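Me: I would like to learn how to read a few features off a model, one at a time. Please give the general idea first and then the case at hand.

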Amino acid sequence: MTRAALVVGVGARRGVPAEEVLGLIRRTLQEARLTAGDVVALATLDSRADEPGIAGAAARLGVPVRSYTAGALAEVPVPHPSEAPRAAVATGSVAEAAALMDGGELLVPKRRSRSATCAVARRGEADGTTASTNGAEPFTMAAMLPPTKHSENAGPDLRHHGDAEVRGLDLTDLAVNVRTGTPPDWLRQRIAASLGSLAAYPDGRPARTAVAGRHGLPEERVLLTAGAAEAFVLIARALPARRPVVVHPQFTEPEAALRAAGREVGRVVLRPEDGFRLDPAAVPEDADLVVVGNPTNPTSVLHPAGVLEQLARPGRTLVVDEAFMDAVPGEREALCARQDVPGLVVLRSLTKTWGLAGLRIGYVLAEPATVALLQEAQPLWPVSSPALAAAEACMEPRALVEAADAADRVTVDRAHLLAGLAEFSEVQVVEPAAGPFVLLRLQRADEVRELLRSRGFAARRGDTFPGLGREWLRIAVRDRVTTNRFLQALDLALQGLPRRAVG
């Protein structure tokens, strides 16, 4: 038994508004007594896929945009050709050809508005496999876990964060990855100076210009956010995604935001025996939104840019969380400045390097149409004036030099930590590590963590990350003196365990 799975082909002029495209589609479906909930995709010419009108209509319908070259569309026979599109792109109807690219039956021939056309085709799918926005199908890849339900009881506690390990306690913080001794005095002064303008509404234009200049991008590719966490919420709510996938272990907020938005989330879980390295083939072909960290929290793995590029394709949003990339010397493997990777969305945070967790400031770098969709979902004035002042300051040349120096120090301090950990036969470390933290595996790590707390050190538990368990701990990189004290405490903690726990 089959049910309807509708593909809406769309042709449009440049600058067509989303309201016109969406109105045309809805009228066409209503007149044909078809249900918008059965629409699985919009399809169009590749040179029109990034039009805000088409992308915006897809977002409102909660479906992806599939794009095809003019040559591919020209190969599809259409029942109602016109000379104008044939002369321009070699097909008699972009809407009908795009709708029929997957085969099936044309249910509604070309319909027109002032600046757009649409057509509707049906393709057959097995009953139950056509997913709505709130009910995506389980993935069948062997590397995938079943999709998670919108339930706070499904799997690990995705809302647990490292600050819970130290809040209100006098402990040396190895659980949170914010650089110590921050924000620096000059940044505090810039933030304090902004307080005189609190009576005025925030103006994000100077900060946006500064971020764009720092990455060599046009301003329309930049969106300022109240930290990376807000960006994940915007992505979950504003971008079309019928089959989102999160690559784990990684920062859990992206999956939590997707679930809170009513999405079912597929997981690609990387394995410790593979060094938590990503094989692009493990990500299902039909995933239309993929989230991956680089370098990844908590594994500290830095994925090659070329590997991540293999995940990009038309019709898919590739979200790369680069919150810790500025802690990598030279920011090697960064994708933030790339404009040639289709569907790429890069997230950056100023929290870690500059000690601004309490101020909430980050940004998104993406195609202008994607930025427009995310911005439409934001409230007015989402970033405060002090946060904007901090963002502008952190993009200045002297700040970039300081950040680069800090990344070099992290590299040296991490090497010292790793050398010390290598002395413990009971401890396995995920290497090579590239972030300002390392991931450890040891027996009865939960007991070790409690013994460390009794000796004044807070470590991040690993069992709240999908793909890890109770035998994992994440340790932030600190200066040599702090690291030496930690290594002594770890030695005593391991000695304090029953012999069976450390053999």
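Reply: Start with aromatic pairs: rings of Phe, Tyr and Trp (its six-membered ring) pair if their centres lie within 6.5 Å, and planes under 30 degrees apart count as stacked, over 60 as edge-to-face and the rest as tilted. The structure holds six such aromatic pairs. One of them is the edge-to-face pair of Trp-186 and Trp-354, with 5.6 Å centre to centre and 80 degrees between the planes. This is a predicted model, in which local features need pLDDT of at least 70 and side-chain atom pairs count only at pLDDT 80 or more, while totals for chains, interfaces and linings use all residues. Residues are numbered from 1 along each chain as its sequence is written, and side-chain values use heavy atoms, with hydrogens and water left out.

Me: Which helices hold Trp-186 and Trp-354?

Reply: Helices (H or I, at least four residues) and strands (E, at least two) are DSSP runs, numbered from the N terminus. Trp-186 lies in helix α6 (residues 185-193) and Trp-354 in helix α11 (residues 351-354), so the pair ties together parts that are 168 residues apart in sequence. Trp-186 and Trp-354 are both buried, where buried means under 20% relative accessible area, exposed over 50% and partly exposed in between (1.4 Å probe, protein chains only).

Me: What is the geometry of the pair of Phe-276 and Trp-472?

Reply: The ring centres of Phe-276 and Trp-472 are 5.7 Å apart and the planes stand at 70 degrees, so this pair is edge-to-face. Phe-276 lies in the loop between β12 (265-269) and β13 (289-293), and Trp-472 in strand β20 (residues 472-476), so parts that are 196 residues apart in sequence are tied together. Both residues are buried. Phe-276 also has a positive phi of about 55 degrees, although it is not a glycine.

Me: Which charged end sits over the ring of Trp-354?

Reply: A charge sits over a ring if NZ of Lys or CZ of Arg is within 6 Å of the ring centre and within 35 degrees of the ring normal. The charged end of Arg-179 sits over the ring of Trp-354, 5.6 Å from its centre. Arg-474 places its charged end over the ring of Phe-437, at 5.8 Å from the centre.

Me: In what order do the five strands of the open sheet run?

Reply: Two strands pair if DSSP finds at least two bridges between them. The five strands form an open sheet in the order β9-β19-β20-β18-β17, with mixed pairing. β9 (172-174) and β17 (428-429) are the edge strands, each pairing on one side only. β19 (residues 457-461) and β20 pair in the antiparallel sense over two bridges, and Arg-460 stands opposite Arg-474 in β20.

Me: How many disulfides are there?

Reply: A disulfide is a covalent bond between the sulfur atoms of two cysteines. The rule here asks for a pair of cysteine sulfur atoms within 2.5 Å, and the count comes to zero disulfides. The sulfur of Cys-336 is 15 Å from the closest cysteine sulfur, in Cys-394, which is too far for a bond. Cys-336 is buried, with a relative accessible area of 7%.
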